[in-house]
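Please keep the sequence and the structure in view while reading.

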Amino acid sequence: APKIVASLIAAICAVHAPAFSQMSRPEYGIKFDIPEPGSFIRREAVRGSKIPINKKYADLTSEEREIVRGWYENVGVNDEPPFPSEGLKPVLDKFRKIQEALLVDGELYLIATVSPTGQVTEVKAFGSPSADMVKFASAVVLLTKFKPGVCAGIQCQMDFPFNQRFRTEQ
């Protein structure tokens, strides 16, 4: 009987291995692809998120959703803010790649207006390290699909903030 149980467990694990690998640990930052010369340690390129960047909104815990709701002045009990459909990581990873090319220092603050269908209709910049960063980062946000906001149980237009600090390190 123990051999049958062990075989059964092994078979279940083999069939469900892809699902287990997708249940990754929460990520709160993005590391550079390669370490600096002379080091085996990869530095963080994007850091400091208070919520996991590799989770979709539906996968966030209630505490993590409250952090997102805290980005807004007044979100009703039955309301939900919009959120990038694939989570923050794809957007922040593209911001990291832009930063690697531009090497700018400063804070980028963008507001994306998300339609009831989840499309970004407008991006406004309120502070940026450079005009090029605004141009490229805005293009990334405009092409990002969102889970739409929900107002009183109905999908609605709502803004979504992006705030990222860039710095070059020597």
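Predicted model: local features only at pLDDT ≥ 70, side-chain atom pairs only at ≥ 80, totals over all residues.

Three strands make up an open sheet, in the order E5-E4-E9, and their pairing is antiparallel. E5 and strand E9 (158-166) are the edge strands, each pairing on one side only. From one strand to the next, the twist averages 20 degrees.

Strand E4 (residues 106-114) pairs with E5 in the antiparallel sense over five bridges. Besides the pair already named, Leu110 stands opposite Ala125 in E5. The hairpin of E4 and E5 has five residues between the strands, and Gly118 there takes a positive phi near 90 degrees. As a general point, side chains in a regular strand alternate between the two faces of the sheet.

**The helices and the sheet**

| Helix | Strands it lies across | Angle to one strand |
|---|---|---|
| H3 | E4 and E9 | about 40 degrees to E9 |
| H4 | E4, E5 and E9 | about 155 degrees to E5 |

**The helix pair**

How do the two helices meet each other? The axes of helix H3 (residues 89-102) and helix H4 (residues 131-142) come within 10 Å and cross at roughly 155 degrees. Angles over 145 degrees count as roughly antiparallel, and H3 and H4 are therefore roughly antiparallel to each other. Their crossing is right-handed.

On the H3 side, the residues that meet H4 are Val91, Lys94, Phe95, Ile98, Gln99 and Leu102. On the H4 side, they are Asp132, Met133, Phe136, Ala137, Val140 and Val141. By class, this contact of H3 with H4 has nine nonpolar, one polar and two charged residues.

Where is Ser130 placed? Ser130 is in the loop between strand E5 (120-125) and H4. A polar atom of the Ser130 side chain lies 3.0 Å from the backbone nitrogen of Met133, and Met133 is also one of the H4 residues that meet H3.

Apart from its neighbours within four places in sequence, Ser130 is in contact with Leu102 and Val104. Of these, Leu102 is among the H3 residues that meet H4. Ser130 and Asp105 are 25 residues apart in sequence, while their C-alpha atoms are 8.5 Å apart in space.

Technical notes: Residues numbered from 1 in each chain as written. Heavy atoms only, no water. Axes fitted to C-alpha atoms, helices over the stretch in contact; angles between N-to-C directions. Helix = DSSP H or I, 4+ residues; strand = E, 2+ residues; numbered from the N terminus. Parallel < 35°, antiparallel > 145°, perpendicular 65-115°, else oblique. Left-handed = near helix turned anticlockwise from the far one by under 90°. Contact = heavy atoms within 4.5 Å. Nonpolar A, V, L, I, M, F, W, Y, C, P; charged D, E, K, R; others polar. Polar contact = N/O pair within 3.5 Å; in protein donor to acceptor, adjacent residues only side chain to side chain. Pairing = 2+ DSSP bridges.
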